[in-house]
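Work through the exercises below with the model in view. Each task is followed by a solution in steps.

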Amino acid sequence: MSSVDELMTEAALHEIRDRVRAFELDRRDFLRMCAGGLLVCLSGTAPAQESGRSGYARHELPQDVAAWIHIDADGAVTVFTGKVEIGQNIRTSLAQSVAEELRVPLDSITMIMGDTALTPWDMGTFGSRSTPTMGPQLRNMAMAARQMLIEAAAQLWNVDPSALTAEAGRVTNPKTGNSLQYGEITRGEKLTRTVAGDPPLSPATEWKIAGTPVPKVNGRQFVTGTHKYPSDISRPGMLFGKVVRPSGFNATLVSADTSAAEKISGVQVIRDGDFIGVVAPDVWTADQALAKIRAQWNVPQQISNRELFEYLRSHAAAAPAPGKVDDLIGSAEVQLNTEYTVAYIQHAPLEPRAAVAEWSTEGSGPKLTVWTGTQRPFGVRDELMKAFRLSEDQVRVIMPDMGSGYGGKHTGECAIEAARLAKAAGKPVKLIWTREEEFTWAYFRPAGVITIRAGAKRDGTLVGWKHDNFNSGPSGVDTPYAVPEKHVQYHEVQSPPLVQGSYRGLAATANHFARESAMDEMAHQLSMDPLQFRLKNITNDRLRAVFTTAAEKFGWGKTPSTSERGFGIAGGIEKGGHVAACAEVEILSGNHIRIRRIVQAWECGAIVNPDGLRNQNMGAMVMGIGGALFEHIQFANGKILNPHFADYRVPRFRDTPQIEVFLIDRKDLPSAGAGETPIVAVAPAVANAVFAATGKRLRSMPLTGDGTFST
Amino acid sequence: MAELTFNVNGSEQRARAAEDEPLLWVLRNRLGLTGTKYGCGEGQCGACTVLINGEAARSCLTSASAVAGAKIVTVEGLANGKLSPVQQAFLEEGAYQCGYCTSGMIMAATSLLRQHPHPSDEQILDAMNGNVCRCGTYPRIVAAIRRAAGEPARKESENV
């Protein structure tokens with residue numbers, strides 16, 4: 001599957017079809033506020049966003065890429081991007097890229113991110129696309145701006161531009177000693193220019209700001225509690241909202257008695273079809289009102305997680321007829337035929353969905369502004385436009401850096417609800433979902449069934465590989481190992497039992513779990529060392545490098561596994577990231593799994609910020625432990641049975657092993673993203689380690705429900 | 001609703017609130033102190049941790065009337081001209097990603113270090129295990145606590 005195809009599939013999984021319209025920016029107000037300055041425009045030859053030059057779906061991007069960088073008269077640099085900061089550290093790393101090419105100090109840059117009124121359209125922050133696409137995009141713009149500044153200074157001094165240098169926010173003539181700050185060059189001027197062609201970017205080997213471990217640019221705001229998350233936004237006269245939730249999925253409202261709630265002073269009840277909400281001057285009163293509403297719902301019979309995998313098997317599109325790969329596997333000296341499963345899990349971002357909606361009148365029509373936590377501010381704008389029949393310039397979505405998402409905040413339900421309440425109340429309304437609502441009414445990482453058939457020669461050479469994924473998704477479905485004949489396929493399941501969507505790495509975690517478990521099973525069948533079996537079938541040097549690095553740093557093969565202590569290895573390639581992990585597990589009494597140590601090697605091209613990259617790796621590995629060991633959604637009859645942290649176990653301090661991350665910096669290669677793929681190797685490495693210790697092959701994620709497995 | 005007086009971050013503050021309203025909502029919505037976060041409302045995640053008379057407490061499970069008169073410290077009240085040692089250590093270790101858990105982590109760590117200025121590994125796990133960092137920055141948070149306790153910084157693994 002090509003990366004474009006994969007992106008489209010991923011986009012489709014996010015349910016963003018048919019949502020986007022013509023692209024038009026309104027930055028006039030903002031630019032009016034800026035003193036005279038420099039506006040950089042670059043024509044269509046800049047690296048396209050993930051949407052591509054041809055546009056995404058029917059969303060045609062203009063050939064003129066709109067302004068991305070503004071330089072004030074005082075030299076302050078403002079950068080505009082539709083990408084959003086959710087903890088993955090792009091507010092810092094993208095600023096580093098701009099500082100590098102523009103030749104300005106990092107602290108002169110302010111990033112305006114994810115504001116639909118100020119930033120260029122963007123499909124969303126997902127798919128590990130910010131570093132490989134937005135990075136070069138902004139670097140191109142910065143490079144063009146630097147050239148313009150040099151040319152402007154050359155004109156002032158009447159010299160040839162090639163005689164001048166740009167460094168630390170100044171253009172200098174080394175011969176004369178003449179020097180001007182960028183702001184002094186642009187003062188009083190608002191320049192707009194179209195630049196053709198991709199300017200040559202600085203090679204990573206010459207980076208001075210990019211490539212360095214710059215700390216998070218606004219770290220101080222987080223340790224002092226002053227950063228305003230979406231749930232912290234406050235507006236004058238703001239009310240607090242609550243929404244009545246159905247007693248189950250796919251429910252219809254039978255009746256509702258709201259009279260007791262309406263009697264509470266300051267409370268307004270809002271009904272619109274099956275939608276019932278309340279607003280009150282404070283969240284406490286809103287909660288009291290909500291509790292007094294008596295609603296009857298009709299909930300249809302629905303399946304439970306006990307029947308889940310059988311349901312997925314029986315509702316998938318039919319597998320294709322056996323072909324050549326089946327013949328090869330069927331006649332191979334060593335054969336494997338296994339099935340793996342993955343449960344539904346929740347993202348459970350610590351900040352639940354939150355939105356503040358404010359209606360105003362602008363000109364002749366209504367104007368809606370919503371502050372909300374989302375990975376797709378433009379997508380949420382489109383949802384609001386649709387929900388309230390508004391045009392693009394009537395809706396503004398602002399995304400303050402949020403309490404993360406992990407792929408779980410692509411949709412605008414909370415924003416729509418807040419806007420509905422605010423519209424009826426005639427005042428701004430804040431709505432913060434409860435933890436239970438977030439666990440229940442957000443969407444889930446798809447569960448799945450994965451079957452793998454494989455064949456190898458007695459010497460360990462793979463001859464055939466077949467990987468079928470039912471429902472969980474196509475990301476990472478293809479094998480990175482050299483195999484002469486293969487068939488890999490994702491099979492959609494019609495009407496999956498829960499609402500499912502994106503998740504960090506999407507199905508790559510499930511597909512790597514299955515494939516790397518199967519590779520381990522093959523190695524054991526062949527009586528080969530699991531690392532050696534992999535290396536025998538790897539032709540990709542980058543994958544080989546992460547495997548050998550992880551193994552060397554871990555001390556792979558130095559100590560044999562025992563019944564109490566097992567070692568496992570796993571790895572793969574996804575979204576340009578190359579990863580391998582070695583895990584050490586301890587089997588405590590009662591088959592309790594304790595992960596003692598994970599060593600991970602990671603390579604994604606030239607490193608933009610090694611500190612942030614290391615943090616992403618560690619965090620993804622910790623998150624991966626949750627899905628590997630215990631995270632799973634239990635459900636029955638349209639209800640989530642464990643919608644609380646007390647019942648849905650997430651990794652905590654005590655679950656965290658010794659983690660070592662080794663980054664391979666390939667300055668000769670373009671930078672890929674790293675927010676997702678560092679999660680994929682943990683589960684199979686742990687499962688393989690458990691097998692090495694116990695001989696028990698755990699083929700379901702999570703490997704345990706409660707930390708222990710049954711024999 | 002009653003007129004209640006709170007001692008927050010060293011100053012007397014008055015707010016109209018219901019007696020059994022969680023302290024979290026009073027801090028966030030009535031006193032404008034949004035550094036303290038809502039994560040679960042059930043005492044399971046620690047995002048709402050504040051100090052009450054010097055000890056870490058879950059403000060989501062603490063009723064407003066129960067702490068009227070007590071000394072409450074939120075993340076906004078830690079820095080006194082300069083960052084507190086724990087805040088400084090979190091900053092230096094980069095012990096966060098999205099930062100949403102950071103206030104609660106810092107308050108829990110501050111309470112821990114008041115009780116145990118040089119905590120053992122076990123004491124750190126005991127004090128901190130109730131706080132969730134969904135981004136998974138636990139190793140750096142532990143490193144920050146050790147740094148705040150005056151232990152030499154530990155180096156994370158290097159590049160290759």
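**Exercise 1.** Find the bridge partner of A:Ile569 in β23(A).

Solution. Step 1: the model is predicted, with local features needing pLDDT of at least 70, side-chain atom pairs counting only at pLDDT 80 or more, and totals for chains, interfaces and linings using all residues. Residues are numbered from 1 along each chain as its sequence is written, and chains are lettered from A and ligands numbered from 1 in the order in which they are written.
Step 2: strands (E, at least two residues) and helices (H or I, at least four) are DSSP runs numbered from the N terminus; two strands pair if DSSP finds at least two bridges between them.
Step 3: β23 (577–588) of chain A pairs with β22(A) in the antiparallel sense, over ten bridges.
Step 4: the partner of A:Ile569 is A:Cys582.

**Exercise 2.** State the strand order of the open sheet in chain A and identify its edge strands.

Solution. Step 1: the order is β22-β23-β24-β27 (chain A), with mixed pairing.
Step 2: β22 (565–574) and β27 of chain A are the edges, each pairing on one side only.
Step 3: from one strand to the next the twist averages 15°, with axes fitted to C-alpha atoms, for helices over the stretch in contact, and angles from 0 to 180 degrees between N-to-C directions.

**Exercise 3.** Which strands does helix α16 of chain A touch?

Solution. Step 1: residues are in contact if their C-beta atoms, placed from the backbone, lie within 7 Å.
Step 2: α16 (541–554) touches β22, β23, β24 (592–603) and β27 of chain A.
Step 3: the direction of α16 makes about 130° with that of β24(A).

Notes:
Two residues are in contact if their C-beta atoms, placed from the backbone, lie within 7 Å.
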